[in-house]
Each structure stands twice: as structure tokens, then as C-alpha cells.
Amino acid sequence: MIRGGNNMGRVGVITHRERHPGSFEIVHIKDTAGHTFATRLGNVFVIGMGGKPWISLPKGNGIRLSNIEDRAAKMAKQR
């Protein structure tokens, strides 16, 4: 789970960790929708092992929808 930065609230599996001595370490994460993103190691909070979280996740399971997907979901909900 990401706890800071632009990806805050997203959930995924850590795929790669880049070590940069003297600078920030970067972690690459892949969510269940198949999107990959990168963030600083300090923004990552481990909540499980593999694809199984040890805690319950809120609605959406930490998946960030694109603007088009979000709008379509809201429009379908209004009907």
C-alpha cells in the first residue's frame, strides 16, 4: 500500500527495488489491474505477502481508475 505521494492509497505487489546510494530508493509496483507505477521506498507500507493482504481493504481494493473509467462508473451508479 502506498501511503504518500501521487500514488497514495494504491495497492499492489512490489516487483522491483532500485537502490541508489546517497539518494532515494525507488520501488516498482504492479496492481491487480496490470498497471505499474514507481514511488519512493519511504512511501511504501507492506500490508501482506504476495497478492494476499493481511488486512481488509476498502471499496475498490486500492485500484485507481482512469478518469474515463471513474466517470463511467459514476454514471452507471446514477441510473
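A residue counts as buried under 20% relative accessible area, as exposed over 50%, and as partly exposed in between. Isoleucine 55 has 45% relative accessibility, so this residue is partly exposed. Its place is the loop between strand S5 (52-53) and helix H1 (67-78). Together with Met49 and Trp54, Ile55 makes a nonpolar surface patch of about 410 Å². The model in which these values were computed is a predicted one.

The protein chain as a whole holds 5 strands and 1 helix. Read from the N terminus, the order of elements is β-β-β-β-β-α. The C-alpha trace spans about 55 × 25 × 20 Å along its principal axes. Of the 79 residues in the chain, 18% are buried. The accessible surface comes to about 6200 Å², and carbon and sulfur atoms account for 56% of that surface. When contacts between residues at least 6 apart in sequence are taken, 40% of them join residues at least 24 apart.

Charge is the next topic. Side chains of opposite charge can pair when their charged atoms come close. In this model the count comes to 3 salt bridges.

One of the salt bridges joins the side chains of arginine 10 and aspartate 31, with an N to O distance of 3.3 Å. Arginine 10 sits in the segment before strand S1 (13-18) and aspartate 31 in the loop between strand S2 (26-30) and strand S3 (36-40), so the pair ties together parts that are 21 residues apart in sequence. Arginine 10 has a relative accessible area of 10% and is therefore buried. Aspartate 31 is buried as well, because its relative accessible area is 5%.

Another salt bridge is formed by the side chains of arginine 17 and glutamate 25, at 2.5 Å from N to O. Here arginine 17 is partly exposed, with a relative accessible area of 38%. Glutamate 25, at 23% relative accessibility, also counts as partly exposed.

The relative accessible area of lysine 74 is 49%, so lysine 74 is partly exposed. Aspartate 70 is partly exposed at 30% relative accessibility.

Conventions
Residues numbered from 1 in each chain as written. Predicted model: local features only at pLDDT ≥ 70, side-chain atom pairs only at ≥ 80, totals over all residues. Heavy atoms only, no water. Helix = DSSP H or I, 4+ residues; strand = E, 2+ residues; numbered from the N terminus. Buried < 20%, exposed > 50% of the residue type's maximum accessible area, 1.4 Å probe, protein only. Contact = heavy atoms within 4.5 Å. Areas by Shrake-Rupley, 256 points an atom, 1.4 Å probe, with all protein chains shown as cover. Patch = residues over 30% accessible without salt bridge, like charges linked within 9 Å, V, L, I, M, F, W, Y side chains within 5 Å. Salt bridge = Lys/Arg side-chain N within 4 Å of Asp/Glu carboxyl O.
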